[in-house]
Protein chains: 2
Amino acid sequence: MGPTRRRADHARQVADLLRRQIVHGHFPRGQLPLEAALAREFGASRNTVREALGLLREEGLVERCPGVGTTVAREKYPHGLHRLLGLAETLHEHGEVTNQVRTMTLMEPPRAVSHRLNLPAGEQVVYLERLRRLNGLPLSLDLTYLVRDVGEPLFDADLEHNDIFVLLESITGQPLGTADLTLEAVNADAHTAAVLDAPPGAALLMVERLTHLADSRPVDLEFIRFRGDRLTMRGHLNRAAGKE
Amino acid sequence: MGPTRRRADHARQVADLLRRQIVHGHFPRGQLPLEAALAREFGASRNTVREALGLLREEGLVERCPGVGTTVAREKYPHGLHRLLGLAETLHEHGEVTNQVRTMTLMEPPRAVSHRLNLPAGEQVVYLERLRRLNGLPLSLDLTYLVRDVGEPLFDADLEHNDIFVLLESITGQPLGTADLTLEAVNADAHTAAVLDAPPGAALLMVERLTHLADSRPVDLEFIRFRGDRLTMRGHLNRAAGKE
């Protein structure tokens, strides 16, 4: 294990602790301490600290300018994993969510969709594609399949300024129930990256979510790509089964 | 909106549905249908299907060989988000988890760690770094800080074949309680990519997790980088508050 390797390992360790502090708003006015102070704090060499800051810069989390030092480049927003919430609901403290509708259409879905939504083959669904922004900057690209009776009234709704969840509860007159979700990290393909205004290959947090009404009927199947540099998911888990 | 743009959007839509089917083991022996059949199934052109399969190949999910067609390249394993489980516990159906200990040492932690573990400044912790493999292939790189009384007995434990969680419960004589976690998608830096045997820039699912004993004392702070192409997280959410 040569010194270069050890430094890379140590830099990763320091970067992880700094990332946590940045994401939780630990640094007033987004200004990180000087390298020398960080080196003392983390019991690391200046070179290791510099490498750690380099890793965070690569992630788009900090900027480094001569004379200014290291500053937080971009706020990373927390999305709760402890309750089923729409984007505007969960981020209301952080700014305004707006939705650009890229496509909205009735379509005969592939079996993969009918099956998930518990629909007979051939029954049409509403397909909706939205680019979602927080304070004007792209945050996610959402592909949504809705069962027809629930989705069709959305053609007349203000989709630009409302979460689908809130609209669905108003349309159906009942609250949503539960959602099953799958989370993955994927690299953005060139076209998706362009849509999200991110570099090609950027890490995306990909969410597939099937949402049911309170009466347990599945009505809303979504494929959501969040920009990895703009969002974290937070939740908690219990060790004991059945305490979820 | 030109035809190229529309095809890219449609390809993404098809790719998402195929990804779901692949990840859930929908295709017997990992063999995908022929392009023509997929085109019919998804109501898409052959070119669109080819582009969708290209996206999944870029993600490392499928392989395409002339004469053989498209096959699933790599199983993607589900990690439950509904209960606090160690890796070997959650993946026991899928194969053997082995852990290579890269570093294990007593250290005086930075304040960022003491604070999270609720320790007085200067109190030492056990730092542990493990490369975790499933069936021999790298799955995650885990950086772990443990409070000293709980972590020190691990120097004599079989860390190669056991989850930390199981060992902690045996050492403390009490079950674990809850964990707070933060999930992010990040691009692998060059050194991390090399350790995980993944391409530089590969999307990683990054988990920061603080685990408490049943008596609510925080004992275990972890920073985990999962290879995005090998793992999904699955859980479910309730709309109603307090039903978590």
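Biologist: What makes residues 8-75 of chain A a "domain: HTH gntR-type" here?

Modeller: A record does. UniProt lists that span under this name, in an unreviewed entry. Such annotations may be inferred rather than shown by experiment. The model itself is predicted. In it, residues 8-75 are 54% helix and 12% strand. The end C-alpha atoms of the span lie 26 Å apart.

Biologist: How do you know where A:Ala73 sits?

Modeller: Strand 2 of chain A covers 69-72, and strand 3 covers 77-80. A:Ala73 is in the loop between them.

Biologist: Why is A:Ala73 called partly exposed?

Modeller: Its relative accessible area is 29%. Buried means under 20%, and exposed means over 50%. The value for A:Ala73 is 29%, so the residue is partly exposed.

Biologist: Which residues does A:Ala73 touch, beyond those up to four places away in sequence?

Modeller: A:Gly60, A:Leu61, A:Val62 and A:Glu63. Contact means heavy atoms within 4.5 Å. For A:Arg57, 16 residues apart from A:Ala73 along the chain, the C-alpha separation is 8.5 Å.

Biologist: How is chain A divided into domains?

Modeller: Domain 1 is 2-72 and domain 2 is 77-234. Their centres, taken over C-alpha atoms, are separated by 35 Å.

Biologist: What makes A:Tyr145 stand out in the largest nonpolar core?

Modeller: Contacts. That core has 148 residues, and A:Tyr145 and B:Tyr145 have the most contacts inside it. Leaving aside neighbours within four places in sequence, A:Tyr145 is in contact with residues including A:Met107, A:Leu117, A:Phe223 and, from chain B, B:Gln13 and B:Leu17.

Note on methods
Residues are numbered from 1 along each chain as its sequence is written. Chains are lettered from A and ligands numbered from 1 in the order in which they are written. This is a predicted model: local features need pLDDT of at least 70, side-chain atom pairs count only at pLDDT 80 or more; totals for chains, interfaces and linings use all residues. Side-chain values use heavy atoms; hydrogens and water are left out. Helices (H or I, at least four residues) and strands (E, at least two) are DSSP runs, numbered from the N terminus. Buried means under 20% relative accessible area, exposed over 50%, partly exposed in between (1.4 Å probe, protein chains only). A nonpolar core is a set of buried Ala, Val, Leu, Ile, Met, Phe, Trp, Tyr and Cys residues joined through side-chain atoms within 4.5 Å. Domain bounds come from an automatic or database domain assignment.
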